[in-house]
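Below is a short briefing on one structure, arranged by topic. Please keep the sequence and the 3D view open while reading.

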Protein chains: 2
Amino acid sequence: MLMEGVDFELAQIAPERVGRKALAVSLSDLAAMAARPLAAFVSLALPRRGGLQMAQQLYAGLLPLANEFAIALAGGDTNSWEGPLVINVTALGAVGARGPLLRSGAKPGDAILVTGSFGGSILGRHFDFTPRVREACLLQELFELRAGIDVSDGLSLDLSRLAQESGCGADLDLAAIPISADAERLAQQDGVSPLEHALGDGEDFELILAATPHEAERIIQTHSLAVPIRRIGQFVPQRGLWGIQPDGQRHPLQPRGFEHPLT
Amino acid sequence: MLMEGVDFELAQIAPERVGRKALAVSLSDLAAMAARPLAAFVSLALPRRGGLQMAQQLYAGLLPLANEFAIALAGGDTNSWEGPLVINVTALGAVGARGPLLRSGAKPGDAILVTGSFGGSILGRHFDFTPRVREACLLQELFELRAGIDVSDGLSLDLSRLAQESGCGADLDLAAIPISADAERLAQQDGVSPLEHALGDGEDFELILAATPHEAERIIQTHSLAVPIRRIGQFVPQRGLWGIQPDGQRHPLQPRGFEHPLT
């Protein structure tokens with residue numbers, strides 16, 4: 001569910017990009033479980049004035065993505081009110097023969113793999129990213145993945161959630177983390193390091209995967225993916241998140257990212 | 001999708017009833033297609049202050065209904081903001097061997113059947129109704145239904161939609177329409193006739209069904225339903241909606257009910 005004033009400002013972002021993102025974040029949730037998308041249900045709370053045009057713009061952004069992933073827009077609800085724009089997408093998918101990819105299957109010794117690069121998505125990528133559906137389904141079919149999650153709230157926070165669900169901890173090779181050009185650019189603006197941006201910004205909508213070292217090596221050698229996959233560390237018996245410096249020093253790492261405020 | 005200020009006022013309605021209704025209206029949509037409910041996905045935009053308690057109250061109303069119909073709450077999204085409360089429920093169902101009940105299958109000569117009674121739901125029934133899921137699934141399994149719809153926007157408006165999708169018109173026996181006690185009570189308050197309330201109020205969440213006269217007779221004789229079913233007219237070749245007076249006079253009837261404003 002994306003809400004005006006929280007997830008976007010209509011003064012800054014075209015409705016087409018909002019509509020596209022509303023579907024894309026749900027497809028990323030399906031990718032996190034290695035589910036093939038089948039259908040989506042779209043509910044709208046539109047402004048009473050200009051709502052029809054707004055709906056057309058939202059769908060103009062949403063439909064090409066739905067077509068790209070061959071999913072049916074199978075239902076939903078269209079409303080108008082005096083309140084801010086709200087768009088909710090429920091996406092439905094089907095898992096393959098190996099079942100869903102869960103957060104709970106990582107084992108100490110497993111490699112930590114990630115797709116793409118991290119940080120600075122606020123500069124625009126958080127609207128225009130490609131959900132890693134094809135990558136997740138292909139990898140789940142061809143390899144033995146142990147666990148997975150998508151990075152919506154922050155690389156370090158989402159990794160710590162996966163580790164926690166799996167009953168283990170995680171060592172992150174800090175020098176191995178793929179840092180996006182956006183993180184570098186943002187660092188020049190705000191003085192926060194590119195690595196910090198990569199670890200905590202969130203909304204990268206990349207995948208974190210767990211696999212045995214042998215399987216991880218095979219995955220990295222695969223040439224059939226449109227996005228690079230890198231190994232950024234390993235799962236360990238000791239609970240918690242740990243940063244490994246290039247000189248081998250190991251220190252606790254505070255998971256950072258977007259925590260959903262609710263009191 | 002139910003929205004504070006449009007579908008309810010929190011000053012007047014306990015959140016438990018809002019949560020229950022959000023699921024119930026979606027179950028009524030499944031009933032309209034004779035689908036057995038399987039799962040529901042709940043998305044919330046909660047107030048930032050008091051949102052946790054609000055969520056608990058919404059679910060306290062929603063969960064008993066989910067249990068009554070044995071459906072899983074299988075996902076969703078929980079958010080907070082400074083805006084009004086929004087709750088969206090997407091319900092998933094499965095159709096039986098005869099497939100879904102559609103709006104488009106009524107034929108001239110078919111009887112018009114309805115469950116329950118109509119009008120005045122604003123007095124409270126529009127929150128506390130029982131979606132006609134069991135009735136729809138049972139009837140679809142045991143009899144040959146031609147078409148169906150649930151009454152959300154108004155008996156005459158939703159009937160005219162079904163007739164239009166079926167490419168025919170409908171004769172309504174005005175004296176046969178089951179009028180609820182709420183419609184009688186509301187009529188005493190506002191001077192609008194009970195019949196007018198029954199025809200146009202909406203949010204009755206009863207079923208309108210089409211069946212051959214023979215099948216309709218068999219359905220009416222069924223004793224296994226918890227709700228009365230009555231015949232209120234028939235579908236006719238001439239497009240439009242027609243009211244039949246007890247003396248046999250026939251005049252055009254303007255479909256009335258809630259039209260969704262969007263400009």
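**Sheets, helices and the interface between two chains**

Helix α2 (residues 51-68) of chain A lies across β2, β3 and β4 of chain A and runs at about 170 degrees to β2(A). Helices (H or I, at least four residues) and strands (E, at least two) are DSSP runs, numbered from the N terminus. Angles run from 0 to 180 degrees between N-to-C directions, with axes as lines fitted to C-alpha atoms, for helices over the stretch in contact.

This is a predicted model, in which local features need pLDDT of at least 70 and side-chain atom pairs count only at pLDDT 80 or more, while totals for chains, interfaces and linings use all residues. Residues are numbered from 1 along each chain as its sequence is written, chains are lettered from A and ligands numbered from 1 in the order in which they are written, and side-chain values use heavy atoms, leaving out hydrogens and water.

**Open sheet of chain A**
- The order of this four-stranded open sheet is β1-β4-β2-β3 (chain A), with mixed pairing; strands pair if DSSP finds at least two bridges between them.
- At the edges are β1 (2-3) and β3 (72-81) of chain A, each pairing on one side only.
- β1(A) runs antiparallel to β4 (residues 86-95) of chain A, joined by two bridges, and Leu2(A) has Ile87(A) as its bridge partner in β4(A).
- Helix α1 (residues 15-32) of chain A packs on the sheet and touches β1, β2 (35-47) and β4 of chain A (contact: heavy atoms within 4.5 Å).
- The direction of α1 of chain A makes about 30 degrees with that of β4(A).

**Strand β6 of chain A**
- From β6 (residues 147-150) of chain A, Ala147(A) and Ile149(A) point one way and Gly148(A) and Asp150(A) the other way.
- All four are buried, that is, under 20% relative accessible area (1.4 Å probe, protein chains only).
- β6(A) is joined by four bridges to the antiparallel strand β8 (residues 207-211) of chain A, where Ala210(A) stands opposite Ala147(A).

**Interface of chains A and B**
- In contact are 29 residues of chain A and 29 residues of chain B.
- The two chains bury about 2400 Å² between them, 67% of it on carbon and sulfur atoms; this is the accessible area (1.4 Å probe) lost on being put together, summed over both.
- Met1(A), Trp81(A) and Leu262(A) lose the most area in chain A to chain B, together 27% of what that side buries.
- There are zero salt bridges between chain A and chain B (a side-chain nitrogen of Lys or Arg within 4 Å of a carboxyl oxygen of Asp or Glu).
- On the side of chain A that touches chain B, the largest share, six residues, comes from β2(A).

Note on methods. Buried means under 20% relative accessible area, exposed over 50%, partly exposed in between (1.4 Å probe, protein chains only).
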